[in-house]
Amino acid sequence: MTNAIELSGVEKSFGPTEIIRGLDLAIAEGEIHAIIGPNGAGKSTLFNLVTGRYRVSRGRIALNGEDITNRSPFQINRKGLARSFQVTNIFARMSVYENVRCGALWNLGYGYSFWQFVARRRDLKERTEMVLEQTGLMSRRGVPAGLLSYSDQRALEIAVTIAGGASVVMLDEPTSGMSHAETEQAVALIREISATRTMVIVEHDMGVVFDLADRISVLVYGKIIATGTPEEIRSNTKVQEAYLGTEAS
Amino acid sequence: MIMPGLKKPGAGAGLIALLIILPLLTDSGFAITVMSQAGVAIIFALAFNMLLGQGGMLSFGHAVYFGLAGYVTAHVMNGMANEDLPYMPVTLIPIVGGIAGLFFGILIGFVSTRRAGTAFAMISLGFAELATALTLIIVFFFNGEEGVQTDRWIREEWFGITYGPDIQVYYLIAVWCVIAAIAMYALTRTPFGRISNAVRDNPERVQFIGYNTHRVRWLAFSLSSFFAGLAGALHAVNIEHIGFETVGLGQSGVILIMVYIGGTGNFAGPILGAILITLLNSYLSDITPAWYLYLGLIFVLMVMFAPGGLAGLIMMHDPIRRVRPRLLLTMLPSYAIASGATLVALAGIIGLIEMIYFLSTTVTRDTAMVLYGIALNAADFWPWLICAALGAAGGYGCARAYPRMAETYNSAMHEARATVAS
């Protein structure tokens, strides 16, 4: 089976500071793969490299077998990879509905067209409403995104991310700042949307990670020190020493 | 055509009827000229707002496309008159201007839209200076400071139209104004229009939903330049002349002020701004030489206290109108008091400015002048005291009335929200 994402010997430096140091990682198609690690380990940098926000200093990144190294974010997105952000990154002045609709436009082939009205496109309407239903935002479809509650904004972040129908979705700390109840809702949502997609998650909440992930990779100082199932990671002594400590043992 | 999202096609039809009837209500040639200028300004302002309001691009040089298209139009009309170029009806000549604007927009926009924000604004400033300099250097095309003269009466067209009489030019501008406004409104409802808004709000996020933000900005810039060019062509037809000032910073500044005063956040905002500033420019400039000072003051006050522009001020009352329209009546007294105080303050301040302006610019020793239709002597003490007193009293009244007006508004909004919640 082709790996959804494959990184080989990826390095990233900012000036003299090495953030990612020769990283190899393979994420299988259809799995929920979590990346964990202490603060400053390079998790967000890794996300930014895969999604084209940062350029790779050395190495190769492939998406579904195709080289995407140093491609622009929009080119990578068009190949089927979407991402959410650690800090909510939505279109605050637009309504919830318009946010999601914008997320679906490119994938449904509308591109830059200025000769057809968005309101008349049935496929666009159906996709938008389906995503709104799936993310539980249908009742707030007309609300300006900037006025939503924090947890709803996080849900909208995910809705915009999946609206384009990407086969690989990367979520950067999807439950950060949420209450226990909100986290449970978010986990249920992620589980639901993962049924048809490959998911890569960076998350600090270990409960969420061990609950959701099929496999976990542990990133420490820019290198993967272990990859395995939650049980394997839990019992890995190197991981316990480097990151989890007594919490996991 | 009924466009999705156009909630009140009746209002649109009413406005079109108004455009038809308006020139029939006056026999003043000056009034018709002013209305024609307003029509051109509306198209240009809407085109500019495609950049600023819809796409989030602040340009200090959008007159470049307006002016260059005007030059191309003037040359094409002259070429047709001399039979150097094949004839096309003057009715369709704005398309030539639009294509010229589009051409320059594609060319310059490819470079300038690679950057957003302040960098884009500075690049646009640079191109405005460049274009102004070129109009004075490339004399064979721009004809230096004299500009290019043209004649819109080339030959008789459909239904005996010659575009000799001003009223015919007014209707030409009115028709193109309606077509351009509908087209620009329709653009806001397309995938491109929506993504343009998205780039304005959050360009970084747009890249991660499959869009090349440079391409979106470039397309918005090019389409906006097309409409700016269309306005430039109509300007050339209207005044039968195009000069270097039409591509310069002054013209770009005026359009920016029009759009900002009208409001960038609403489609009708630039239309309001274009009409208001054209009217003030045409009528106030005859009354007072200090007109530009007042324009500057209006602009500063709008930016400080009503950044949403006139349309924003109107639209902030829309939720109340929709939910509890009667509340608007209860708000009227506080609004009237604030307006009264403002008028008193303005009367005083304008009086002082006019007297200062008069004394500093008069070339004779005669200090007699007319202010508000009253003959007075600017060297006397009393006019200064009265104006200062009016300014102070009005200012004090404003300081008291505006917080009350805001309180009334907030309370009405609170009631409207409570109505929705229940």
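In strand β5 of chain A, A:E66 is the bridge partner of A:L63. Strands of a sheet pair through backbone hydrogen bonds, in either a parallel or an antiparallel manner.

At the other end of the order, strand β1 (residues 3–14) of chain A is joined to strand β2 (residues 17–28) of chain A by 8 bridges, again antiparallel. Within this pair, A:I5 stands opposite A:I27 of β2(A). β1(A) and β2(A) form a hairpin that has 2 residues between the strands. In the turn, A:G15 has a positive phi of about 65°.

**Chain A and chain B**

The two chains can be set side by side.

| Property | Chain A | Chain B |
|---|---|---|
| Helices and strands | 9 helices, 10 strands | 17 helices, 4 strands |
| Span of the C-alpha trace along the principal axes | about 55 × 40 × 35 Å | about 70 × 65 × 45 Å |
| Buried residues | 43% of 249 residues | 41% of 422 residues |

Chain B is divided into domain 1 (9–308) and domain 2 (318–421). The centres of domain 1 and domain 2 of chain B, taken over C-alpha atoms, are separated by 33 Å.

**Contact between the chains**

How many residues does each chain give to the contact? Chain A contributes 32 residues and chain B contributes 25 residues. On the side of chain A that touches chain B, the elements giving two or more residues are α2 (73–78), β6 (81–83) and α3 (96–105) of chain A. By type, the residues on this side of chain A are 18 nonpolar, 9 polar and 5 charged.

The buried residues are A:V96, A:E98, A:N99, A:V100, A:R101, A:C102, A:G103, A:A104 and A:L105. What do they pack against? Within chain A, the buried residues of α3(A) pack against α4 (122–134) and α5 (150–163). From chain B, they pack against α8 (191–201).

**The setting of A:V169**

A:V169 lies in strand β7 (residues 168–172) of chain A. Is this residue buried or exposed? A:V169 is buried, because 23 other C-beta atoms lie within 10 Å and the cut-off for a buried residue is 20 or more. Leaving out residues up to four places away in sequence, A:V169 touches A:A82, A:T161, A:I162, A:R197 and A:M199. A:R83 is 86 residues from A:V169 in sequence, yet the two are 5.6 Å apart in space, C-alpha to C-alpha.

**Confidence**

The predictor gives the complex an ipTM of 0.91 and a pTM of 0.89. Chain B has a mean pLDDT of 92, and 97% of its residues reach 70 or more. Over residues 1–5 of chain B, by contrast, the pLDDT is below 50. This stretch of chain B has 11 contacts in the model beyond near neighbours in sequence. Where pLDDT is low, the predicted coordinates should not be read in detail.

Definitions and conventions
Residues numbered from 1 in each chain as written. Chains lettered and ligands numbered in written order. Predicted model: local features only at pLDDT ≥ 70, side-chain atom pairs only at ≥ 80, totals over all residues. Contact = placed C-beta atoms within 7 Å. Nonpolar A, V, L, I, M, F, W, Y, C, P; charged D, E, K, R; others polar. Buried ≥ 20, exposed ≤ 12 C-beta atoms within 10 Å, placed from the backbone. Pairing = 2+ DSSP bridges. pLDDT = per-residue confidence, 0-100. Domains from an automatic or database assignment.
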